[in-house]
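Subject: Structure handover

Hello,

Here is the structure I promised to pass on. Please open it alongside this email; my notes follow below.

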Amino acid sequence: MKKLSLIAAAVLAATVTSAAVAATTTATFQVLITVVKACSVTAGAGSNIDFGSVNSSATALSASSNISVTCSKSTPYNVGLLPSNNSTTGGGIMSPLVVGPDTVAYQLRSVSAAGPVWGSTATDVAVGNGVAGTGTGAAQSIPVFATVGSANVTPGSYADTVTVQVNY
């Protein structure tokens, strides 16, 4: 019995000693991310403004299409349009696809065919003569209008290229 008591005492002493030696310590760390603002624009053939076929006697023409801007949530942006002649007021000139003597003048506009002139003076902090928006994280469709005062030119096909500038 004495032997059994000694064994029990030894086991108890080992358990108490282990518990007395055990300890816990802690530390922390962070999980980090930096999200930067970003925007993209989609234009191209799907955004072409096509007046179609018109008689040379046609006047006061208008046509429209859409561009798509995708910006990070809550990111303010300003969109400018710059015709190939670098007119900051959005007044472009379509040139003949086959060499010819004439050009067709056009005006870019926002809101409607009679709306404000849409040019390229927009910056990241000022809308200028552009169009302002705020990103949602999803694509936002923005209508673009163009007007032509007169089609009284040599018959043929005319075109110009417009650069879309998204400032954010």
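From the N terminus on, the elements run α-β-β-β-β-β-β-β-β-β. In other words, the chain has one helix and nine strands. Please keep in mind that this is a predicted model.

Now the overall picture. The chain has 168 residues, and 30% of them are buried. It exposes about 10,800 Å². Carbon and sulfur atoms supply 59% of that area. Among contacts in the chain with a separation of 6 or more, 76% are between residues 24 or more positions apart.

Next, the cysteines. How many disulfides does a search of the whole structure find? The search finds one. C39 and C71 form this disulfide, and their sulfur atoms lie 1.9 Å apart. Where do the two partners sit? C39 is in strand β1, which covers residues 39-42. C71 is in strand β2, which covers residues 59-71.

The link of C39 and C71 is right-handed, with 120 degrees about the S-S bond.

Are the two cysteines buried or exposed? C39 has a relative accessibility of 17%, so C39 counts as buried, because buried means under 20%. C71 is buried too, with a relative accessible area of 2%.

Best wishes

Methods. Residues numbered from 1 in each chain as written. Predicted model: local features only at pLDDT ≥ 70, side-chain atom pairs only at ≥ 80, totals over all residues. Heavy atoms only, no water. Disulfide = S-S within 2.5 Å. Helix = DSSP H or I, 4+ residues; strand = E, 2+ residues; numbered from the N terminus. Buried < 20%, exposed > 50% of the residue type's maximum accessible area, 1.4 Å probe, protein only. Contact = heavy atoms within 4.5 Å. Areas by Shrake-Rupley, 256 points an atom, 1.4 Å probe, with all protein chains shown as cover.
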